[in-house]
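User: I'm new to this one. Can you walk me through it?
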Amino acid sequence: MLHLQPMGRLIALVGNPNCGKTALFNRLTGSRQKVANYAGVTVERKEGQLVLADGKKVRLLDLPGTYSLHPRSPDERVTCDVLAGRALGEKRPDLAVCVVDATNLRRSLHLVLSVRRLGIPCIVALNMADMAARRGVRIDPAALSRELGLPVVSTVAVQASGDSALRAAFDVAEHWLPPNRTDALPDNEEGDHETVRQILQRLQLDQIVPHLASDRIDRITLHPVLGPTLLALVLFLVFQAVFSWAEMPMGAIEAATAWLAEAVSGRLSAGWFRSLLVDGLIAGLGGVIVFLPQIVILFFFILVLEESGYLPRAAFLLDRLMGSVGLSGRSFIPLLSSFACAIPGIMAARTINNPRDRLVTIMIAPLMTCSARLPVYALLISAFIPMREVAGGYLQLQGLVLFGLYMAGILGALAVAWVIKRFGSGQQTRTLMMELPTYHWPTVRNVLIGLWQRVMIFMRRVGGIILVLTVALWFLSSYPVPPAGAEGPAIEHSFAGTLGRWLAVVFAPIGFNWQISIALVPGMAAREVLVSSLGTVYALSATGDDTAAVLGPIIAQSWSMATALSLLAWFVFAPQCLATLAAIKRETGGWRYPLIAAGYLFALAYLASFITYRTALALGA
Amino acid sequence: MKDNVEVGLHQVPIGYPMTVRSVVESSEAPEWAGWLREIGFYPGERVVLMNRGFLGGDPLMVRIGMSTFALRAAEAACVRVVATQPGLQP
């Protein structure tokens, strides 16, 4: 295959995890960034553009963080391959910037020596020099430069113009030449440790300097009793915010969708084109974009917790619990992300270097209740669960049911992980070895850039697969048109109606009628589409905005309580959306695991619905 | 703790300065030794056990050089340490 490579010089940022590399990348490139994947692997590839003093543009690549050039995860392999010039479709960088954490020089220097040996032109960026100075570690860049035989500049990625020394270094022509071979440095890794030790000794940097502030915070956050309590409180606040803060912007988006639908309806004459625009596109896409506020809020908290250094502590606290079902604390972060959407969660599993842990995490990620399932829950709960206060007015029955549904997903995931551990092949030893970085104040700029990238990924999905499926569903539900004089809603005569009646045979034992069965089909594309599909199927004249509001009373009349509960149970385990299956296929490199995931989730959902439906019927619901 | 007695890092008391003697291969996970070296566990390095997980068990919080890592007891057991003697350079 031919890969076209853009013109211009390429600079790659290399560094240990948590060295402030991405913050430096953001500082250098600002908003001129492109996020994609490396060819053939799903490792996130961040490229940005940098304008040099002479006006020339260069491309800047933010390589995944690594401790050494011996890769132990797919992320780290990309870094090694790109630097060696082996990566598919990637040009070998013209210059490597080794980002070195000044507060952790020893480990960083090992990587610098390895990169230097590759013979690639190299500049060392001494990052977080301000923080090191505050801890009493003063590093002389000139002295370090003499030791390494490489240019060394100080950077403070979290400060405006904290990158000026590095920018200036890019303008020096000699810096783009490969480093000279020198006898003072070892030519294999065996000697690296001794060399680093001597360098640090000569620079008088070989004493342990504890970071007291971080240790003081850890005394609370990792306290055996206070720590878990604090974690529970943090998670509770995050979920509270996801639901309450999102209310207003979601209302605004719904109102805007309704206004747009009305405006378009008023300007076009009735016909297939107006129907496609209003019933198909505006209602369908509006129904999905309405979740954007919740996704933004959830990712905001995840980014802040990640940047501050708290997330690895949460993983530390949960390692014991996760270990009891055969996972490690490292699985916590991917699973937390899955509450927003399983796709970023599945992608985040790449940071787990044990292949088995990674696979199990990917397989149970779809059981975390993603935000796309919320509208379905919201519709059914408001239609069937009475508004009633319980526990002396402190709790609300509807909220309690929602909490129960979330818990059912988590417990289901733990149970599945336990079953895989119990009956899986062989006993494996799992690795933790996770860095607990020092606490930082998250910077507004980095959080905003991170959020912007998540929003764009979501919007691209809306513009891609969801758009196509919305139009497809509109077509299937509108054609063929009913013969003249036919009775009942038009959809009963359409392709969708026919398909729904076939599916109803399969779903009748768990209490689903044909309307639900047909709505489940587009729900595979994106679960949130179920609500707008039910709206379409029930042949409402309403537009997407008030579909849920109008649909509520209709289904409350036409469905039994047992059917509603059965559908809720179905969505706890619901076979995940196609985009999730596609993500699993990409991450596991084949059809085996997406098929297994689809199969076991379908079986679990059917079983849960069957039990719920039959129990509810027996109890007279 | 007696000086000069080599023990596994998982057995040391909290807050006691130790020096790494060696990193040994674990029979169940031979790859750990290399990974531990990568994150900074080399002979001569100073290391302190900072904290233990819930009820004094897994995982352990370990300070090596200037970084902090969460290690399982089984992982920490690969790191053989002795008490650091004041004033003595490794």
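Predicted model: local features only at pLDDT ≥ 70, side-chain atom pairs only at ≥ 80, totals over all residues.

User: OK. How many residues of chain B are in contact with chain A?
Analyst: 33 residues of chain B are in contact with 37 residues of chain A. Together the two chains bury about 3,300 Å². Carbon and sulfur atoms carry 56% of that area.

User: Which three residues of chain B supply more of its buried area than any other three?
Analyst: Glu38(B), Met66(B) and Arg72(B). They supply 24% of the area that chain B buries against chain A.

User: How many salt bridges across the interface?
Analyst: Three, by the rule used. One pairs Glu45(B) with Arg106(A), with the closest N and O atoms 2.6 Å apart.

User: Which element gives the largest share of chain B's side?
Analyst: β5(B), with five residues.

User: Switching topic. What does α26 of chain A pack against?
Analyst: Its buried residues pack against α16, α18, α24 and α25 of chain A. Those buried residues include Tyr600(A), Leu601(A) and Tyr613(A). Helix α26(A) itself has 27 residues and reaches 39 Å, close to the expected span.

User: And what follows α26(A)?
Analyst: Gly620(A), whose phi is positive, near 90°.

User: Last one: is Ser73(A) buried or exposed?
Analyst: Buried, because its relative accessibility is 10% and the cut-off is under 20%. Ser73(A) sits in the loop between β4 and α2 of chain A.

User: Which residues does Ser73(A) touch, leaving out those up to four places away in sequence?
Analyst: Arg350(A) and Asn353(A). Pro355(A) is 282 residues from Ser73(A) in sequence, with their C-alphas 8.7 Å apart in space.

How values were computed: Residues numbered from 1 in each chain as written. Chains lettered and ligands numbered in written order. Heavy atoms only, no water. Helix = DSSP H or I, 4+ residues; strand = E, 2+ residues; numbered from the N terminus. Expected span 1.5 Å × (residues − 1). Buried < 20%, exposed > 50% of the residue type's maximum accessible area, 1.4 Å probe, protein only. Contact = heavy atoms within 4.5 Å. Buried area = accessible area lost by both parts, 1.4 Å probe. Salt bridge = Lys/Arg side-chain N within 4 Å of Asp/Glu carboxyl O.
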